[in-house]
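Have your viewer open and your selection tool ready. Let's take a walk through this model together, one stop at a time.

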Amino acid sequence: MDFESLKSNWEKSQGTPKQESELKQMTHINQHPALKKIRVRLILEAGLLVFILFIYRDWFDGAHKPLYINILLGISIFLFILNDVLSYLAIKNPVVSGTIKTSVEKHIVTLRRLSVFSLLASAIYSAFLLSFLTSTIHFTTIKYFMLAGIICTMLILLYASYWQWEKRIRSFAEVIKEFTDV
Amino acid sequence: MEKIFLKAIHEHQNLIYKICHMYRDTKEDQKDLFQEIVFQLWKAFPHFRSESKITTWMYRIALNTAILEFRKSKLPISYSDQLPDQVSVPGPVEELDQEEQMYQLVRCLDVSERAILTLYLEEYSYKEIADITGITENYVGVKINRIKEKLKSLSNR
């Protein structure tokens, strides 16, 4: 296909026109394809964590554990939910003003901040949850090994999350490179 | 305000359709991106000051949205100066209509090249393309020449 044919195909290209009523529907947040899924996940996660906060005193002997451990667990759950909300807001409000190059640059900064916060929130949550669950345990060698296994699994999961964030940020950095004069 | 917005989008919805086809290859992804673009346009509409044409504003938001949305990883494509003797084109291209062939071809371009090509095909000047994308006017010229070369090489395969 030469450039002239491409241009003429471009001019002819058109989809089935959508009615104004259909377009109006698309302006509602409920119709947003990605946000719908994220919102459901956010509600489920937040619901589960709040549920844990309510039952941990009875089910996990929260009342018999040191006060500071209880406070730390509360803080970590709050940070985890806050991280979900911040991610949701960032996806809902991407930078779509200015030139394409500056938008992508600002988006990278946002993603970088989100990735740091997300990884910290996950690390703090994991650490505090583990501290909470193990604070009254009398450790034996086998239990130490089990704890080491759990910590290793947590570190691997954190690294996988870091790798995912980096991959995503790198893909946008590539776009910046494409828009840079050489 | 909603009425004015919907009328404008209804009139120029074809540009959203084209961008969705340029940046997404499955019907489902194209449909999702279309919705995402309309949503972002609606959110940005109160800030539209009529300093530029409505289509220029739409292109700016639509291209930004298409690029900033999470990109699915694609297979790396390498280009060489010499064309191989035989190259198999992925998929039953012969069965596709001209329009889909065109979109398959342009989807082989880089993200920035697709944005520049879109604006060039819509007959925006080099200066306007530079203003929308954020690259210099000179570089727009260089990029367009490269895009034409790349398209020629790709369509000869």
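## Stop one: a charged trio

Select Glu123(B) to begin: with a relative accessible area of 59%, this residue is exposed. Keep in mind throughout the tour that you are looking at a predicted model.

The side chains of Lys7(A) and Glu123(B) form a salt bridge, 3.1 Å from N to O. Side chains of opposite charge can pair when their charged atoms come close.

Is Lys7(A) buried or exposed? Its relative accessibility is 17%, so Lys7(A) counts as buried. The bridge runs between chains, from Lys7(A) in helix α1 of chain A to Glu123(B) in the loop between α5 (111–121) and α6 (126–133) of chain B.

Next, pick Glu11(A). The side chains of Lys7(A) and Glu11(A) also meet in a salt bridge, 3.2 Å from N to O. These two residues are 4 residues apart in helix α1 of chain A, so about one helical turn separates them.

## Stop two: a bridge within chain A

Move on to Arg112(A) and Glu166(A), whose side chains form a salt bridge of 2.6 Å, N to O. This pair links distant parts of the chain: Arg112(A) is in helix α5 of chain A and Glu166(A) is in helix α6 of chain A, 54 residues apart. Arg112(A) is partly exposed at 38% relative accessible area, while Glu166(A), at 15% relative accessibility, counts as buried.

## Stop three: where the chains meet

Colour chain A and chain B separately. The contact draws 49 residues from chain A and 59 residues from chain B. About 4,900 Å² is buried between the two chains, with carbon and sulfur atoms giving 63% of that area. Across this interface there are 2 salt bridges.

The charged end of Lys18(A) sits over the ring of Phe34(B), 4.7 Å from its centre. Then find Lys148(B), which lies over the face of Phe3(A), 5.0 Å from the ring centre.

## Stop four: rings

How many aromatic pairs does the whole structure hold? A search over all chains finds 11. In one of them, the rings of Phe139(A) and Tyr144(A) have centres 4.8 Å apart and planes at 15°, so the pair is stacked. Phe139(A) counts as partly exposed, at 29% relative accessibility.

Definitions and conventions. Residues are numbered from 1 along each chain as its sequence is written. Chains are lettered from A and ligands numbered from 1 in the order in which they are written. This is a predicted model: local features need pLDDT of at least 70, side-chain atom pairs count only at pLDDT 80 or more; totals for chains, interfaces and linings use all residues. Side-chain values use heavy atoms; hydrogens and water are left out. Rings of Phe, Tyr and Trp (its six-membered ring) pair if their centres lie within 6.5 Å; planes under 30 degrees apart count as stacked, over 60 as edge-to-face and the rest as tilted. Buried means under 20% relative accessible area, exposed over 50%, partly exposed in between (1.4 Å probe, protein chains only). A charge sits over a ring if NZ of Lys or CZ of Arg is within 6 Å of the ring centre and within 35 degrees of the ring normal. Contact means heavy atoms within 4.5 Å. Buried area is the accessible area (1.4 Å probe) that two parts lose on being put together, summed over both. A salt bridge is a side-chain nitrogen of Lys or Arg within 4 Å of a carboxyl oxygen of Asp or Glu.
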